[in-house]
Amino acid sequence: MPLSAVEGQPRALEALRRALQHQRLHHAYLFAGPEGVGKGLAAQGLAEALLCTAPLEDGDACGACSACRRSAGRQHPDLHVVERRTKGNTDERERQIKIDQVRALQRALSFKSYEGARRVVLIIEPEKMNPATANALLKTLEEPGPDTHFVLVTAEPHRLLPTVISRCQRVRFQPLDRALVARKLAELADLEPGAAHLLAGLAEGSIGKGLTLQGSALLEQRQGIIGRIDDPDGPRRVPQLLDYAETLARPDRRAGLPLVFHLLRTWYRDILLVQEGFGDEALVHRDLAEQIRRRAPALSGPAVLDRLTLLNETEYAIFERMANARLSMESLVLRLAGAVEG
Ligand SMILES: [Zn+2]
């Protein structure tokens, strides 16, 4: 797809289009930004624009020539893509990019380009390399050969070697506008506007994240999860709260825990928005607006902020500091329900 088909990233695309138009391209770009906001599509678009034999006036790919069609199908001999291999016939990918992939790239780049013009190398998730592989990549970046353009695509630039970063021109990609995410999700996953709105609110500007959340069983239990934890009757239901905390913390449910935190976080943020006088359209849980409006007057602003902090701290303790999940969740639910003081 041409660059013009990438939505919601006007600043990043403007910089690229200007470079293409004036033929002032860096030899290596680092496309950095959250998952699922169009970095990969833009990298593909830039590759097509660079390899196109009949580019448009603004430098974008024509989308119709033989080079464009082959680039789009990743069949162009001067387009090299390095990414984690898939395992067997599954969609699951290896944990890392392997050194033989970078060596194969080096070999390919040591020959002339097939069609006598530019070569483009896309490196998807360059942070997923061990140090030896990362150093091999660095060497390739340092000695690229003529007319070779690299695009590194990452959501975790802080995990790259500083020497790799310093070789690249960084292009920043932002979280997408919520309305755009909702529209794309409705389109891609054939969703009702209400469902798309909820997913877009939870997805934090990432179409990719929205698609991953779609159909999650936890999401279907959303009202139950929130209702059992943020229960105005909590102080009188301590045994039930503790039971529920234990269930949520079970090892077989651990993978779902980040979504539970996220649901609660967005729930309390919605309460804050209502307290600040925002309309239903601003809420993530718009379909539960009535419930949120009933709950909001019972909590003070600082009490809601405390709960948000508590959620972040508990999630960090469990997933980063390997704290005991059951004890952490028990303490969390009791405090969220106001059954004990912080
Ligand atoms: Zn073309």
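How many salt bridges are there between domain 1 and domain 2? The count is 2 salt bridges. This is a predicted model.

**Domains**

The domain assignment divides the chain as follows.

| Domain | Residues |
|---|---|
| domain 1 | 3–172 |
| domain 2 | 177–213 |
| domain 3 | 216–336 |

**Between domain 1 and domain 2**

Taken over C-alpha atoms, the centres of domain 1 and domain 2 lie 27 Å apart. Contact involves 5 residues of domain 1 and 7 residues of domain 2. The size of an interface is often given as the accessible area lost when the parts come together. For domain 1 and domain 2, the buried area is about 380 Å². Carbon and sulfur atoms account for 43% of that area.

Polar contact between domain 1 and domain 2 comes to 5 residue pairs, with both residues at pLDDT 80 or more. The side of domain 1 that touches domain 2 has 1 nonpolar, 2 polar and 2 charged residues.

**The zinc site**

Four cysteines coordinate the zinc ion: C52, C62, C65 and C68. Each donates through SG, and the distances run from 2.2 to 2.4 Å. Along the chain, the donors follow the spacing C-x9-C-x2-C-x2-C.

Why is the arrangement around the zinc ion tetrahedral? It is tetrahedral because the 4 donor atoms subtend angles of 105 to 115°. Ideal angles at a metal are 109.5 degrees for four tetrahedral donors.

Definitions and conventions:
Residues are numbered from 1 along each chain as its sequence is written. This is a predicted model: local features need pLDDT of at least 70, side-chain atom pairs count only at pLDDT 80 or more; totals for chains, interfaces and linings use all residues. Side-chain values use heavy atoms; hydrogens and water are left out. Domain bounds come from an automatic or database domain assignment. Contact means heavy atoms within 4.5 Å. Buried area is the accessible area (1.4 Å probe) that two parts lose on being put together, summed over both. A salt bridge is a side-chain nitrogen of Lys or Arg within 4 Å of a carboxyl oxygen of Asp or Glu. A polar contact is a pair of N or O atoms within 3.5 Å; within protein, one must be able to donate a hydrogen and the other to accept it, and residues adjacent in sequence count only if both atoms are side-chain atoms. Ala, Val, Leu, Ile, Met, Phe, Trp, Tyr, Cys and Pro count as nonpolar, Asp, Glu, Lys and Arg as charged, and the others, Gly among them, as polar. Donors are N, O and S atoms within 2.8 Å of the metal (3.2 Å for Na, K and Ca); water is not among the atoms, so sites may look incomplete. Four donors count as tetrahedral if all angles lie between 85 and 135 degrees; four count as square planar and six as octahedral if opposite donors are over 155 degrees apart and all others between 65 and 115; anything else is irregular.
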